[in-house]
Every structure is written in C-alpha cells, then in structure tokens.
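Here are my notes on this one, as promised. Have the model open while you read.

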Amino acid sequence: TGIVHGINFNPNGVEFTLIDPTDGIKVFDADENFGYTLQEGDSILVSGVIDQFMGMVEIYPISIEYVSSGHPLEVPTTLSVLGEENESHMVRLVCFELVDATQWTSSGSGFDVDITNGTDTAVMHIDLNTDIFSQDPPAGHFTVVGIGGQMDESNPYDSAYHFWPRSMSDYSDEVIAAFLAPSDIVFNDNGASVPFVNQSVGATEYSWDFGDGSSSFEFSPTHTYSYSYLSGITDAYITLSIASSLGCKDQSEISIPVIYSSIEEAMSTNISVYPNPTSEYLHVRSADIIREIRVL
C-alpha cells in the first residue's frame, strides 16, 4: 500500500511509482491496467510479484485496488549525485543546465540528456508521455524535480542512475542570462556610447564586463568606449554574468563588430569630405594643397 507518484509512463498498461513511509517501488505491467485509472496522490493497494529490471526494483501487479485520493506527495530530496538510495523516490536538482543541447532529440519513446551544475553530472530521462517531450530544450540554469530510477544492464547493478521529470511543472527557478546590443559599434574620434538592454530571467544580481577593463552592476547600462580602445580592435566582447537569490549563476557573451565611421575636419575648414558614410567613392574637396590622404 502506498501513494501514487508520477504520471502513467505506459498508457498501454501501467508504469508509475508507489511510495509508502518505508520506501518506494516502480509498478509496471506492459499491457494491463487492472481497471485502475492513475491519479497522482491516490492511495492504492497492489498485489503482485517483486523483481528487478536493469537494477530497478519493480512490482509486477496481479491486482490494483483503489483506496482513497488527495494524499500529499513525498518531499523531494535535494541532491546533485544520484544513487541507489534515490531509486523510486522524489529528487530535486538545483541550478543545473544542459551539457549538450543536441541530446534533446524529442524522438523515440524517450531520450536521455546530461545535465550539470558545473561539478556533478546527472542523467535526465524525458519520456514520450510527458508534456516535456515536444518542448524546446531548457535554456540557462534551472531547478528540476523528478523520480529517481536506474537503467543498468549488468550485475552488480550499481550504476546508470537517472531521474524522470513528470511534467513541465517540475521545472522552476530558471536563471537565463540574455541581453540585446547594437549589431555594430560605430565610433568616431570621441569613441562611442553603447546601450545594452538586459533581458535576463530569474536573477537578482547583474555584473557586466565590457571587454575594455570596465564593468557595471546596473540592470541595463549604457557604456562609453574610448577611441583608443575601439581603434585597436575589430570586435568588442561583452559578458553578462547573473545570479539568483538561490546563488544560481548564468552567463551570456556576445561579440560586436567595431566600425570607424567618422571623418574629422578639424585640420581645415576649407576641406570637405563626402559622402559620409560611404561604401564606394569618397570625394575630397579642398581649397588648400593636399600633400597626403590616409584612409583608415
């Protein structure tokens, strides 16, 4: 007897987790539901045979009896490394991100993706029957809840632990660093003033690195670059680092091409240069003798 956790991961039969005060176990049958329509939070009585599949302890039902509904679920254990003790229990991983977004294939009956907090790596299984399956891969860092499991092909069955999120509601506390910037930094002999628009999600702290040794903790700063800095580079690199109230961090970096597009006419008021800007022909007209022209 226990409380139902999770969705039915096998609509042709049953596949869910049953948790009581002593432990948890997977309930599985490939093609029979025993007249029971699953509802998370139900209390049920299962009779059957205990066995294991690829290290995962399971009960293969002979009968399933509904008892009552509306029971509280197990409080997830916050961790960063999955083990045997987490099998068929609720787990919570805080401030993780995808290792490789190309693993998010949305194909087959389900797929595995590696996630990391920068130190530890865990395997997250996305099942076909969840509303997560057809979604785009999550961006930035996030907190995710799921049910611990195992898929180990060989004895002594002490590895290949993973966890199964149940729905999109298992994702929370997204921390995503993002910002808008001009497509080019166009500067003149006075440098350039460049605005940045912060589009980050879930952060309470912001730290900007403008690439020229300057920084800012403003939400959406405007930064003034000097001529001496911009004239020596072809691209400016800007980094936004953010942090949430939970200490979860994320970072975004972009490069912006630098373009000099101004002509000073301070040498002589009798010199005109046009058109400005130009892409093909540049005309120079002067009442004075021109000894040399340099175009940089």
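1. First, the term: on a 1 Å grid over the protein atoms alone, a cavity is a set of points where a 1.4 Å probe fits but cannot get out, and its lining residues have an atom within 4 Å of a point. Points are joined across faces, edges and corners, and volume is the space filled by probe spheres set on them. Keep in mind that this is a predicted model, where local features need pLDDT of at least 70, side-chain atom pairs need 80 or more, and totals for chains, interfaces and linings use all residues. Numbering starts from 1 along each chain as its sequence is written, and side-chain values use heavy atoms, without hydrogens or water.

2. The whole-structure search turns up one cavity of 30 Å³ or more. The largest cavity holds about 70 Å³. Its lining includes Phe 9, Lys 26, Met 56 and Trp 164. Strands E2 (14-19) and E10 (141-150) are the elements giving two or more residues to that lining; strands (E, at least two residues) are DSSP runs numbered from the N terminus.

3. There's also a closed five-stranded barrel, E1-E2-E3-E5-E4, with mixed pairing; a pair needs at least two DSSP bridges. E1 (residues 2-5) runs antiparallel to E4 (residues 43-53) over two bridges, and Gly 2 has Ile 44 as its bridge partner in E4.

4. Look at E17 (residues 205-209): Tyr 206 and Trp 208 point to one face and are buried, that is, under 20% relative accessible area with a 1.4 Å probe, protein chains only. Ser 207 sits opposite Ser 241 in E20, while Asp 209 faces Ser 215 in E18.

Terms used:
1 Å grid on protein atoms, 1.4 Å probe; cavity = no way out; pocket = protein on both sides within 12 Å on 5 of 7 lines; lining within 4 Å. Helix = DSSP H or I, 4+ residues; strand = E, 2+ residues; numbered from the N terminus. Buried < 20%, exposed > 50% of the residue type's maximum accessible area, 1.4 Å probe, protein only.
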